[in-house]
Amino acid sequence: MRALTGIKPTATPHIGNLLGMIEPALRLQDTHDAYYFIADYHALTTLHDREKMRQYSREVAATWLALGLDPARTVLFAQSDVPEVAELAWLLACVTGVGALERAHAYKAAQEAGKDINVGTFFYPVLMAADILAYDSDHVPVGKDQKQHVEMARDMALAFNHRFGEVFVVPEPLIRDEVATIPGLDGRKMSKSYGNAVEVWLPSKQLRKKLMGIVTDSKGVDDVKDPDTCNVFSLYKLFATPDQVAALAARYRAPGLGYGHAKQELFEVVDAQLAPARERYEALLAEPDRLDAVLADGAHRARRLALSVLGRARDACGLGRAPRWGAP
Ligand code: AMP
């Protein structure tokens with residue numbers, strides 16, 4: 001079975017990315033042939049700053065490695081190092097109705113927000129389908145916000161296969177219920193664009209400050225509180241052990257616990273879990289040559305596979321098999 005997923009280098013990764021996608025994807029390394037990429041072509045729909053693109057791309061690569069991606073087993077690469085996905089996106093665009101793209105949540109949300117939408121943003125689901133189909137992916141670990149896009153990739157695979165024969169593997173999204181949507185500081189889905197994100201690699205002091213900013217109701221220390229409707233507790237549950245979760249829930253339900261105390265408890269469990277990886281992350285960022293070498297090797301392995309899949313697709317729809325199908 002092959003797993004594939006990507007993350008956009010549009011900001012430093014946040015805890016929603018970590019719990020919703022990165023950790024589940026890392027677990028799949030034991031059971032799957034894994035291909036994980038830095039979605040820089042996708043980032044280009046919104047990020048138009050060369051230095052930031054380079055910096056965030058390195059940060060995403062270092063994040064994967066610091067958290068346990070094993071480059072000997074798993075292929076880690078930059079999306080744009082396999083330019084064949086852009087060509088494959090064209091082939092898929094030719095079997096996709098405009099109506100399907102108009103129904104995509106991300107596009108509709110950008111429209112409702114009155115954003116100035118470029119063609120890249122409209123086309124995004126087609127490029128994402130090409131990312132998935134180019135590697136014969138069976139499983140796509142993602143957060144719930146990406147479910148519809150993976151379903152669109154399935155539809156495109158089926159439409160192409162129906163017209164031209166069995167070319168593409170039809171992928172399935174893998175979404176873990178307990179981490180499908182990680183809440184941000186204000187309780188809405190954690191997202192860079194909502195300004196409610198907690199970045200994974202904040203130094204301890206800044207991490208604490210950020211977590212102290214979680215929005216709560218106005219109950220005081222002597223009031224009993226409901227852990228199940230509290231943003232602090234929702235995050236705590238994701239980092240603490242079952243015993244710790246039960247103990248804090250009991251303290252919520254009795255007088256004497258202020259939200260400040262709960263936030264401190266949250267900070268301690270999050271910091272304890274992230275601190276060792278944070279050191280590895282900083283060390284990796286200080287070695288850009290090492291990151292580049294991992295990405296170059298990943299690009300080579302990813303491209304070899306994408307070229308053979310694209311060759312199959314071109315052949316199926318009557319396009320020539322250009323001589324480069326044997327490369328690299
Ligand atoms: P992106 O940064 O948009 O490329 O997202 C990378 C991955 O993180 C995708 O699989 C998203 O579904 C996932 N993700 C982003 N935000 C959240 C969240 N708040 N909860 C769960 N998963 C998320």
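What volume does the second largest pocket have? I looked that up before anything else, bearing in mind that this is a predicted model. The answer is about 240 Å³.

**Pocket lining**

I then went through the residues around the second largest pocket. It is lined by 14 residues, and Ser57, Ala78, Asp81, Asp292 and Leu295 lie nearest its centre. Two elements give two or more residues to this lining: helix 3 (50–67) and helix 13 (288–316). Helix 3 has the largest share, with five residues. By type I have seven nonpolar, two polar and five charged residues in the lining.

**Strands**

Next I turned to the strands. Strand 1 (residues 2–7) and strand 2 run parallel, joined by six bridges. For a landmark I noted Ile7, which stands opposite Ile38 in strand 2. With helix 1 (residues 15–27) going in with strands 1 and 2, I get a right-handed β-α-β unit.

Strand 2 also pairs with strand 3 (residues 75–78), again parallel, through four bridges. Here my landmark is Tyr36, whose bridge partner in strand 3 is Leu76.

Why is strand 2 largely enclosed by the rest of the structure? Five of the six residues in strand 2 (residues 33–38) are buried, so that settles it for me.

**Salt bridges**

My last stop was the salt bridges, and the count comes to 19. I picked out a few.

Glu84 and Arg303 meet through their side chains at 2.8 Å, N to O. This pair links distant parts of the chain, since Glu84 sits in helix 4 (residues 84–93) and Arg303 in helix 13, 219 residues apart. Arg303, at 27%, is partly exposed.

Glu87 forms a salt bridge with Arg314, and their closest N and O atoms are 2.6 Å apart. Glu87 is in helix 4 and Arg314 in helix 13, so this pair ties together parts 227 residues apart in sequence. I have Arg314 down as buried, with a relative accessible area of 14%.

Arg278 and Asp271 make another salt bridge, with the closest N and O atoms 2.7 Å apart. Arg278 is buried at 11% relative accessible area, and Asp271 counts as buried at 15%.

Which residues did I find linked in a network of salt bridges? I wrote down Asp30, Asp70 and Arg73.

Definitions and conventions. Residues are numbered from 1 along each chain as its sequence is written. This is a predicted model: local features need pLDDT of at least 70, side-chain atom pairs count only at pLDDT 80 or more; totals for chains, interfaces and linings use all residues. Side-chain values use heavy atoms; hydrogens and water are left out. Buried means under 20% relative accessible area, exposed over 50%, partly exposed in between (1.4 Å probe, protein chains only). Two strands pair if DSSP finds at least two bridges between them. A crossover is right-handed if, with the strands pointing away from the viewer, the path from the first strand over the helix to the second runs clockwise. On a 1 Å grid over the protein atoms alone, a cavity is a set of points where a 1.4 Å probe fits but cannot get out, and a pocket is an open set with protein on both sides within 12 Å along at least five of seven lines; lining residues have an atom within 4 Å of a point. Grid points are joined across faces, edges and corners, and a volume is the space filled by probe spheres set on the points. Ala, Val, Leu, Ile, Met, Phe, Trp, Tyr, Cys and Pro count as nonpolar, Asp, Glu, Lys and Arg as charged, and the others, Gly among them, as polar. A salt bridge is a side-chain nitrogen of Lys or Arg within 4 Å of a carboxyl oxygen of Asp or Glu.
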